[in-house]
Amino acid sequence: MSSAVKTPLLQVRNLRVEFPTRRGVLTAVDDLSFDIHEGEVLGVVGESGAGKSMTGTAVIGLLEPPGRIAGGEVLLRGRRIDNLPYEELRRIRGKEIGMIFQDPLTSLNPLYTVGRQLVETIRTHSDLSEGRAKARAVELLAEVGIPAPERRVNQYPHQFSGGMRQRVVIALALCANPRLVIADEPTTALDVSIQAQIISLLKRLCSEHGAAVMLITHDMGVIAETADRVAVMYAGRLAEIGPVKDVVKHARHPYTHGLMGSIPIVGQDLDRLTQIDGSMPRLSEIPPGCPFHPRCPRVFEPCDQERPDPIPVENSEVACWLYDDKRSGGGGHG
Amino acid sequence: MSVPGRNSPTSVARHPAERAGRPPSALARLRDSDLWYSFTRSPITVISALIVLLFFLGALFAPWIAPYNPFDPASLNLMDGFTPPMGEAFSGNSYLLGTDDQGRDVLSAILYGARISLFVGFCAVLFAMVLGISLGLLAGYKGGWIDSLIMRIADVQLSFPAILVALLIFGVARATLPRSFQEDMVIYVLIVAIGLSDWVQYARTVRGTTMVEKNKEYVQAARVIGVHPMLIMLRHVLPNVMGPVLVIATIGLALAIIAEATLSFLGVGVPPTTPSLGTLIRIGNDYLFSGEWWITLFPGLALILLALSVNLLGDWLRDALNPKLR
Amino acid sequence: MFAFLVRRLLQSIVVMLVVGLVAFSLFNFVGDPIHNMVGQEATTEQREELREQLGLNDPFPLQFARFVANAAQGEFGISYRMARPVDVVIAERLPATLELAFVSAFFALFLGVSAGVYAALNRYGWTSRLVMTISLIGVSLPTFLIGILLIWIFAVQLQWLPSFGRGDVVQVGAWRTGFLTESGLRALILPAITLGLFQLTLIMRLVRAEMLEVLRTDYIKFARARGLSNRAINFGHALKNTLVPVITITGLQLGSIIAFAIITETVFQWPGVGLLFIIAIQFVDIPVMAAYLMLIALFFVVINLIVDLLYYAVDPRLRVEAGSARAH
């Protein structure tokens, strides 16, 4: 493990998110722990329904009822925030933690100019006057690469294209200088040609502002290029977390391995391209033991009996019985 | 009635028997459906259903269960007029809900009145449903100017309150039909007037589904093998719109009952010789000021109870089936 | 903007023409207008002469054109029942209906929107559940029964308010108003509540449903994620977006208040055009029926136009600015 002398910016400890439905309680996120350090980019990957977005919304305290945090803690700079009263948590949102959603087309209020939405947000978190806030809004628009910001600031969202709108969204998320930005699939809804631009803009701005990023995506390519560390989620649980190089090059969890095997990498043999049989279980049908065991190519005795906890392996942590020396008899390492 | 659970689009329940390879019985499937589940979970809905059922039975068997026959002049005792509820009548008969000006038992009159109200309501809904579904199918399938014409008429009609449309149709019928005919025909005129004022929603729903279905391959295929596509459409579109249509019809029944009562109250509906709930309220309204409140308030309460229960059932159905209704 | 208005105006004219056709058909095909005018004693020659004189032998389009021209000037002939010009009778009674409709509309709109917003914001609270349940009763209550119940409670039992008529009225120019006297205002209360209650419940349910929908949108979620205050989110963002779809339906609802006044006016013997219409139907007074129909259509069309303009003012997406090109 790396030396953890400084308190991490964000600590998530044994987080559990539940959704009571009339057919029983669904667990969307189960016993999830990870840290994000100052200025770091943590990628969170997994298939849709793996609980990535749910984790992001839980951290910022915006779970839609009846969804709720049923256990664990979320700490920001060592201070617990998941149990704060609404009003205190509200002051943290935008100011300490910003969030960017998937779809820029629906993230902006169509009835107000982008300037009004920026000014409103800036003034919520600072004492700037209306005029100063407006000037700051224009600066921000310029910063996110919108041409002619003085004119564009008075326009309505429908007058911007998709990519431009996502730039506005980024400006909105960054306008109070948050320490952490949660970006939930920020490019999925965009044209492929613009995706790379937006991702590099996001990365550049956040490092300029000194903000850490929690980048939620299902695109391993984006993670490989952008993230410092990566967390792989499967069925609401952490499969593997570690430095991006380790996870991409030497995936340890069989699921990560399959996930990496399924992306073509330039310069590598296409014969290596594999696929994982079956599909991720629905939340109502998560099997006992390791949730991945029915699809796992290397399944053995303990897998359908007991849930593996994350086990430290070099710089990573892996939730797999293969890395438990007692269980696998030390011979399971791949 | 078919088993509603079959049509439930939200039904994801799998019966244990089904997993075991045996097809479950219709009853078991109903019991296991989402519809039944949400029904039993909502006490208000259960109570509403019971009230509606009671009204049905009361109306259906009125001649057998009503204490008196309000239409039999021989049994009327004018001296018993204006007997208050539970009060002692001149003749020594007792009347649970009192009597009206002519000594008619209010409870019996309500039972017979509900019979007429429900009859008019059902027939009007049926008429509106058949008309709306046919026009919707036609508009959706043919498209072009037929579609435009039907939907324009629907738009213009929608911009007028249904009660005004019904009043107008009623007025026209009154002016065109021979006078001697009117007394006997009035109920049917009412049914047509209310039905004609309420077909639009069915037509819109069916039209939408038809337009989606008509481009599907089976319709093209049907055309190739020479089956009339309209027949195929009917067979495939209808099951698809059963849910929304059922919801519209339930709420439509409440609306039709209220519309009938309103028209009768306005004096253009059912005549006092065979009074419906609305006519009873109209008759009683004249005596409200002299203190004989029961003549109008009991039929009024019956009407509210009936309309509210049907509405609650409709509301629940809409939530349970969750069709895309606006 | 201009093209939009012109298109709307054209549509309105088409609607008026369609309704005019219905009204005209009433005149010509329902009953025999000659029979209605001259009665039993007239000879066949007299009838034929009158027929010619009234232009009833002219071709259909010509007759219709004449009808439209007359209608445009408010000319609908003579009431069969009252033997007075229809436009005069209607003009006399219109202020009563308009005053009633205006007060009910205001009452329904103000309370409906407030209660709807409250119910949406406190959707899990017991008060909002209670309000919703009561509103369902409101939707199921026939208007005339509401009137009867109000009369029974407030006029018969408590004897607080009058049960019929307009009270004392004051003539202001051509307008006879009940707003200026105490008895006029007191007489207005019960009818206005009766007429407005149904619209109120409807508006409330609509506002609640739309607002709940808006509160689920991404831009509200994003506004929350930016830490905006609840006040700014609920009243700045959500309410304004709720009002866009609500304006249309509410506008139409308020338009139909004039027509719904038929029932209320009958219950309270309110001397307006609705009561006139009911009596006209009972006596098959075709000119009054036709004129009333056209009047309602006119209200509908005018309110629709106002709604369109409002819509246009609220939603910037409809304002296509010619000057600024869209950047892509």
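This is a predicted model: local features need pLDDT of at least 70, side-chain atom pairs count only at pLDDT 80 or more; totals for chains, interfaces and linings use all residues.
Tutor: pLDDT is the predictor's confidence in each residue, from 0 to 100.

Student: What is the mean pLDDT of chain A?

Tutor: The mean for chain A is 86, and 92% of its residues reach 70 or more.

Student: Which elements of chain A have the lowest and the highest mean pLDDT?

Tutor: The lowest mean, 72, belongs to helix α12 (residues 325–328) of chain A, and the highest, 94, to strand β8 (residues 212–216) of chain A. There is also a stretch to read with care. Over residues 330–334 of chain A, pLDDT stays under 50, and the model has 3 contacts beyond four places in sequence for them.

Student: Now the helices. How are two packed helices described?

Tutor: The description uses the angle between their axes and the distance between the axes. Take helix α5 (residues 86–121) of chain C and helix α6 (residues 126–140) of chain C: their axes come within 8 Å and cross at roughly 130°.

Student: Why is α5(C) called oblique to α6(C)?

Tutor: Angles over 145 degrees count as roughly antiparallel and 65 to 115 as roughly perpendicular. The crossing is at roughly 130°, which makes α5(C) oblique to α6(C).

Student: Is the crossing of α5(C) and α6(C) left-handed or right-handed?

Tutor: The crossing of these two helices is left-handed.

Student: Which residues make the contact?

Tutor: From α5(C) come Ala115(C), Tyr118(C) and Ala119(C), while α6(C) brings Ser128(C), Val131(C) and Met132(C). By class, the contact of α5(C) with α6(C) has 5 nonpolar residues, 1 polar and no charged.

Student: Next, the chains. How many residues do chain B and chain C give to their contact?

Tutor: Chain B gives 36 residues and chain C gives 31 residues. On the side of chain B that touches chain C, at least two residues come from each of α9 (162–176), α13 (229–265), α14 (277–285) and α15 (294–321) of chain B. The largest share of that side, 10 residues, is from α15(B).

Student: How do the residues of the side of chain B that touches chain C divide?

Tutor: They divide into 25 nonpolar, 9 polar and 2 charged.

Student: What about the contact of chain C with chain A?

Tutor: There, 22 residues come from chain C and 28 residues from chain A. On the side of chain C that touches chain A, α9 (218–225) and α10 (230–268) of chain C each supply at least two residues. The largest share, 6 residues, is from α9(C). That side of chain C has 7 nonpolar, 7 polar and 8 charged residues.

Conventions:
Residues are numbered from 1 along each chain as its sequence is written. Chains are lettered from A and ligands numbered from 1 in the order in which they are written. Two residues are in contact if their C-beta atoms, placed from the backbone, lie within 7 Å. Helices (H or I, at least four residues) and strands (E, at least two) are DSSP runs, numbered from the N terminus. Ala, Val, Leu, Ile, Met, Phe, Trp, Tyr, Cys and Pro count as nonpolar, Asp, Glu, Lys and Arg as charged, and the others, Gly among them, as polar. Axes are lines fitted to C-alpha atoms, for helices over the stretch in contact, and angles run from 0 to 180 degrees between N-to-C directions. Angles under 35 degrees count as roughly parallel, over 145 as roughly antiparallel, 65 to 115 as roughly perpendicular and the rest as oblique. A crossing is left-handed if the near helix is turned anticlockwise from the far one by less than a right angle, and right-handed if clockwise.
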